[in-house]
Amino acid sequence: MSFRIGSTVLLDPLSLNALQSYKFQQWRILGKISNVLAFLNDYEIDEIHLIIPSKGKSKKSINAISKISDMFISTPLCIGGGINSENISEITKDPFFERLVFNSALFDNHSLLNQLSKDMGRQAIVGYVPFVIKEGILQIYNSENNKFIEVPLDFWESVSFSCNELILLDSESEGTKQGFNFEVLNFLKFPFGRILISGGVTSADIKTAKRIGLAGVSIDNSVLHTEFSIKDLR
Amino acid sequence: MLLVNIIDLGLGNVSSVENWAQKSLLSPKRVSKPSQLNDGLIIIPGVASAGEYMLRLKKTKLDQEIIKRYKYGQKIVGICLGFQIMTNYSEEDSGTECLGLFEGKAVYLDNKRTHNGWEKFKFDVREFENDINFSKRRKKTISGRVYFNHELKVEINDNSIIHVLDNGITSYSFKDNLFGFQFHPEKSQKTGVELLKMLV
């Protein structure tokens, strides 16, 4: 099976604009989400990770998801942000996506992940883990309280069981060309073959990711701002 | 425009399949009960679980209608879960009796693996045209890639045409007027659109 090159797109749930994020702190509007998705679709990128930065505000997420559900995307799509036990049945009624991305549920809502695993299969569940490494200690982001925290006990074991794949976002490199911090892999107890990396990913990082057997990468800025060939990167 | 019936039981990625059909210049129609079916292609979509899907097929009596229409020669396409439930049995949901259009079963991948991503796809209808009723088109071959996202695989035990990947996964199977795809043609970009045009 081939190494995958996907793209992360953030969606503002109110304006339905695509956002570009820098270092997990600042956003810039890229344009209408419909245009950005159409562009990526034409580009034949391997998959799109569409994230709504909800920070626990799930009502906005479900409205945004329903508004974009009739867009024609013939590219595999993962969506996430604000999906919880209350809205999951509405979201999965007629999925226009193949997979769902979770963050806060990884910490405290295993029943949601278990239920989804029964309804759509474990292949549909992707964990989204933004991280920073401070003074040699890994901290991961929990969107429920909008904080980076130390990794809870048994977190990797639990995530490995409930999630099919993980997207690791280097939040300090996001939106830059400074390269992904591969040091994070030293902290993980999760199979490399089920990991995608994101945040500042460069062409050299793609080669490294392939060499060490990761599942793929999710590119942020470069795909939207730089003319380069996805085929060459593959 | 050629007609396409998409089975819509409130489960599965119906809208994605609908978009795929429109992109292929076909005329899709959502079908929730037997009386709504026309003589066009029938598509059973994926992205759901076998137990609940079969329950709803039986409740609406679409299970028997699909079997009847298969016997009359109507073309039926199953995608991912739709392909898996064309067999006799699926291991999903503690075991589920399925439609039995293909002799075979759907079993979990070894070691609870999943299979996500793209595989190369080469297809030449001339290899099958004595056995299978493809559309008469000038274009006879497809060379591209297709997208997989699943945790069960199909094992076929009859004389159907099957294509198995190097990793042991049945990529597709054809028999008479049946077309089963483990991959998602509706999410396989240009390759998927070309494939649907060959089917109808």
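The contact draws 25 residues from chain A and 25 residues from chain B, two residues being in contact if their C-beta atoms, placed from the backbone, lie within 7 Å. On the side of chain A that touches chain B, helix α5 (residues 110-120) of chain A gives the most, with three residues. By class, this side of chain A holds six nonpolar, seven polar and 12 charged residues; Ala, Val, Leu, Ile, Met, Phe, Trp, Tyr, Cys and Pro count as nonpolar, Asp, Glu, Lys and Arg as charged, and the others, Gly among them, as polar.

This is a predicted model, in which local features need pLDDT of at least 70 and side-chain atom pairs count only at pLDDT 80 or more, whereas totals for chains, interfaces and linings use all residues. Residues are numbered from 1 along each chain as its sequence is written, while chains are lettered from A and ligands numbered from 1 in the order in which they are written.

Chain B has five helices and 13 strands, taken as DSSP runs numbered from the N terminus (helices: H or I, at least four residues; strands: E, at least two). The C-alpha trace of chain B spans about 45 × 40 × 30 Å along its principal axes.

Within chain B, four strands form an open sheet of mixed pairing, in the order β6-β5-β7-β10; two strands pair if DSSP finds at least two bridges between them. Strands β6 (96-97) and β10 (152-156) of chain B each have a single partner strand, so one side of each is left without a neighbour in the sheet. Strand β7 (residues 104-108) of chain B pairs with β10(B) in the antiparallel sense over five bridges, and Tyr108(B) stands opposite Leu152(B) in β10(B).
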